[in-house]
Amino acid sequence: MAQLTLEKLQKRYGKSAEVIKSLDLAINSGEFVVIVGPSGCGKSTLLRMIAGLEEISSGSMYINDVYVNDDTPAERGIGMVFQSYALYPHMSVYKNMAFALELSGFSAQEIDARVRESARILQLEPLLDRRPKDLSGGQRQRVAIGRAIVREPKLFLFDEPLSNLDASLRVQMRMEIAALHKRLGATIVYVTHDQVEAMTLADRIVVLNKGHIEQVGTPLELYDRPANEFVAQFIGSPRMNLIPAILQRSGEQQSLVMLDNGKTLLLPIATPPEAEGESVNLGIRPEHIQWGDPQQCEYLGEVKFVEHMGNETYLYLDNGNAGDPWVVRNADRSPIVTGDTVGIQLPAAYCYLFDRAGKAFARLQTAEPSHSSSNANGTRYESSN
């Protein structure tokens with residue numbers, strides 16, 4: 001196990017192309033940290049810098065408090081698992097896992113012991129004599145992981161290892177990687193663009209955007225208390241709904257906003273006096289919007305599209321503005337069809353508020369998680385002047 005510390009880490013290509021921007025991050029020994037972000041945000045570049053495959057332009061990197069900027073990948077004691085497996089096609093599973101140890105001069109007895117122990121952990125024992133072409137995608141990925149395990153590294157790095165697998169195999173491999181982490185107690189840094197992988201695997205998630213960290217926290221911390229609009233919409237699927245509004249009245253305990261339909265909503269959110277009168281965005285997750293009979297609700301939306309998922313239904317609503325449609329999650333099967341008009345309300349305890357720069361205002365009251373329901377109540381609306 002290893003502790004990893006990054007201090008003011010930067011990566012530049014040429015004079016102006018700054019990919020990683022003065023990044024600070026501390027990863028505890030035995031922790032499973034997932035780095036997520038959109039394509040081009042720098043997450044794979046950051047992983048390659050940690051591995052020693054990309055030169056660090058400036059800043060410092062420490063493994064167990066030892067400065068390693070100038071160390072080779074082998075000297076850093078890191079095991080890396082690539083997206084493409086990178087297996088030798090002419091070698092058996094056994095030889096693929098043993099090859100790096102042979103190059104390092106380990107004895108045949110030590111190599112055999114390590115390979116067979118790794119094969120046992122990954123349930124590869126019946127496959128040791130096969131070649132990669134005779135394996136499924138999930139089996140090849142396990143071999144790639146096994147090749148890292150045999151080196152007994154201080155730190156495991158995973159670079160989008162499940163991207164090439166189909167949906168069912170990704171679920172299976174997520175379970176296997178989680179079980180492997182628990183069994184080995186290893187420190188793992190895992191890069192992915194898939195937030196489902198991040199939410200299900202991570203002890204902590206690092207949200208990366210344009211080379212800098214937006215927020216670090218546990219999966220539920222990021223879901224329940226996003227620091228800004230970017231995190232709020234990146235974490236969660238379907239993403240959080242954002243509704244244009246005006247901050248009519250600020251307050252230390254409550255704030256009054258006017259929505260885009262002219263209604264005003266009182267929120268348990270603290271806002272500073274200087275923000276009063278400014279444009280803001282109100283955020284609410286699909287599962288928290290309440291919907292029902294339009295005659296009994298104060299906000300209307302036309303259903304543009306319905307997704308029946310079997311155990312739940314997603315409604316995509318045109319709320320009359322030029323923005324993206326709202327998404328409403330119904331925990332049950334819904335009889336609503338495209339073209340219907342439904343009434344919706346926004347429970348204040350589940351609402352978020354973001355300033356013009358996208359930063360979240362402090363929420364003073366939160367509610368327990370709930371599902372969408374046809375019983376739309378509990379929201380306090382005031383008539384606008």
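Strands here are DSSP runs of E with at least two residues, helices are runs of H or I with at least four residues, and both are numbered from the N terminus; two strands count as paired if DSSP finds at least two bridges between them. Residues are numbered from 1 along each chain as its sequence is written. Because the model is predicted, local features need pLDDT of at least 70 and side-chain atom pairs count only at pLDDT 80 or more, while totals for chains, interfaces and linings use all residues, and side-chain values use heavy atoms, with hydrogens and water left out.

Within this sheet, strand β1 (residues 4-13) runs antiparallel to β2 and is joined to it by 7 bridges, with Leu-6 standing opposite Leu-25 in β2. Contact means heavy atoms within 4.5 Å, and the angles, which run from 0 to 180 degrees, are taken between N-to-C directions of axes fitted to C-alpha atoms, for helices over the stretch in contact.

Another open sheet has 6 strands in the order β6-β7-β8-β3-β9-β10, with mixed pairing. Its edges are β6 (78-81) and β10 (212-217), each with a single partner strand, so one side of each is left without a neighbour in the sheet. Strand β3 (residues 32-36) runs parallel to strand β8 (residues 187-192), the two being joined by 5 bridges, and Val-34 stands opposite Tyr-190 in β8. Helix α1 packs on this sheet too, touching β3, β6, β7 (155-159), β8 and β9 (204-209), and its direction makes about 150 degrees with that of β7.

Tyr-190 also belongs to the largest nonpolar core, which has 47 residues and in which Ile-145 and Tyr-190 touch the most other members. Such a core is a set of buried Ala, Val, Leu, Ile, Met, Phe, Trp, Tyr and Cys residues joined through side-chain atoms within 4.5 Å, where buried means under 20% relative accessible area, exposed over 50% and partly exposed in between, using a 1.4 Å probe and protein chains only. Strand β12 (residues 255-259) is largely enclosed by the rest of the structure, because 4 of its 5 residues are buried. Strand β12 also pairs with strand β13 (residues 264-267) in the antiparallel sense over 4 bridges, and in their hairpin, which has 4 residues between the strands, Gly-262 takes a positive phi near 90 degrees.

Tyr-316 lies in strand β18 (residues 313-318) and counts as buried because its relative accessibility is 19%. Leaving aside neighbours within four places in sequence, Tyr-316 is in contact with residues including Val-303, Phe-305, Glu-307 and Trp-326. The side chains of Tyr-316 and Glu-307 are joined by a polar contact of 3.0 Å, a polar contact being a pair of N or O atoms within 3.5 Å of which, within protein, one must be able to donate a hydrogen and the other to accept it, with residues adjacent in sequence counting only if both atoms are side-chain atoms.
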